[in-house]
Amino acid sequence: MIRCGYCGHEFAEEEGIRSCGKCGKPGGCRMVRCPKCFYENPPEAKAPKTLRKVIDLLKK
């Protein structure tokens, strides 16, 4: 889950709007826009995302 740095809305990375592709950042922009206010946030770190998937698998 990503918490928007501007409005505080929590959303899954898949719900966010991917980069614009026009900002010209080297290596491509990986920012994710909040679906509520369109503020750009950094993507969710891999470690918590992986840990959440493992926990979800163990619950099943």
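## Confidence in the model

The chain has a mean pLDDT of 87, and 95% of its residues reach 70 or more. This is a predicted model, and pLDDT expresses the predictor's confidence in each residue. Where pLDDT is low, the predicted coordinates should not be read in detail.

Confidence can also be compared between the elements of the chain. Strand β2, residues 10-11, has the highest mean pLDDT, at 94, while helix α1, residues 46-59, has the lowest, at 89.

## The nonpolar core

The largest nonpolar core consists of 5 residues: Ile-2, Cys-4, Phe-11, Val-32 and Cys-34. In soluble globular proteins, nonpolar side chains tend to be buried together.

Leaving out residues up to four places away in sequence, Ile-2 touches His-9, Glu-10, Phe-11, Glu-13, Val-32, Asn-41, Pro-42, Pro-43 and Glu-44. The C-alpha atoms of Ile-2 and Ala-45 are 9.3 Å apart in space, although the two residues are 43 residues apart in sequence. Ala-45 lies in the loop between β4 and α1 and is partly exposed, with a relative accessibility of 47%.

## Two buried glutamates

Glu-13 is located in the loop between β2 and β3. Its relative accessible area is 9%, and because buried means under 20%, Glu-13 is classed as buried. The side chain of Glu-13 is joined to that of Arg-18 by a polar contact of 2.7 Å. Apart from neighbours within four places in sequence, Glu-13 is in contact with Ile-2, Arg-18, Val-32, Pro-43, Glu-44 and Lys-49.

Glu-44 belongs to the loop between β4 and α1 and also counts as buried, at 13% relative accessibility. Two polar contacts involve its side chain. In one, a polar atom of the Glu-44 side chain lies 2.8 Å from the backbone nitrogen of Met-1. In the other, the side chains of Glu-44 and Arg-52 are joined at 2.8 Å. Beyond residues up to four places away in sequence, Glu-44 touches Met-1, Ile-2, Glu-13, Lys-49 and Arg-52. The two glutamates therefore touch each other, since contact means heavy atoms within 4.5 Å and Glu-13 is listed among the partners of Glu-44.

Arg-33 is placed in strand β3 and counts as partly exposed, with 28% relative accessibility. Its side chain takes part in two polar contacts. A polar atom of the Arg-33 side chain lies 3.0 Å from the backbone oxygen of Phe-38, and the side chain of Arg-33 also makes a polar contact of 3.3 Å with the side chain of Glu-40.

When residues up to four places away in sequence are not counted, Arg-33 touches Phe-11, Gly-16, Ile-17, Phe-38, Tyr-39 and Glu-40. Arg-33 and Glu-15 are 18 residues apart in sequence, and their C-alpha atoms are 9.1 Å apart in space.

## The loop between β3 and β4

Phe-38 is found in the loop between β3 and β4. Most residues other than glycine have a negative phi. Phe-38, however, has a positive phi of about 70° although it is not a glycine. Phe-38 is partly exposed, with a relative accessible area of 46%.

## The aromatic pair

The structure holds 1 aromatic pair. Tyr-6 and Tyr-39 form this pair, with 5.7 Å from centre to centre and 25° between the planes, and the arrangement is stacked. The pair links distant parts of the chain, as its two residues are 33 residues apart: Tyr-6 lies in the loop between β1 and β2, and Tyr-39 in the loop between β3 and β4.

## Helix α1

Helix α1 has 14 residues. From its first C-alpha to its last, α1 reaches 20 Å, close to the 20 Å expected at 1.5 Å a residue.

Key: Residues numbered from 1 in each chain as written. Predicted model: local features only at pLDDT ≥ 70, side-chain atom pairs only at ≥ 80, totals over all residues. Heavy atoms only, no water. pLDDT = per-residue confidence, 0-100. Helix = DSSP H or I, 4+ residues; strand = E, 2+ residues; numbered from the N terminus. Phe/Tyr/Trp six-rings, centres within 6.5 Å; stacked < 30°, edge-to-face > 60°. Core = buried A, V, L, I, M, F, W, Y, C linked by side-chain atoms within 4.5 Å. Buried < 20%, exposed > 50% of the residue type's maximum accessible area, 1.4 Å probe, protein only. Polar contact = N/O pair within 3.5 Å; in protein donor to acceptor, adjacent residues only side chain to side chain. Expected span 1.5 Å × (residues − 1).
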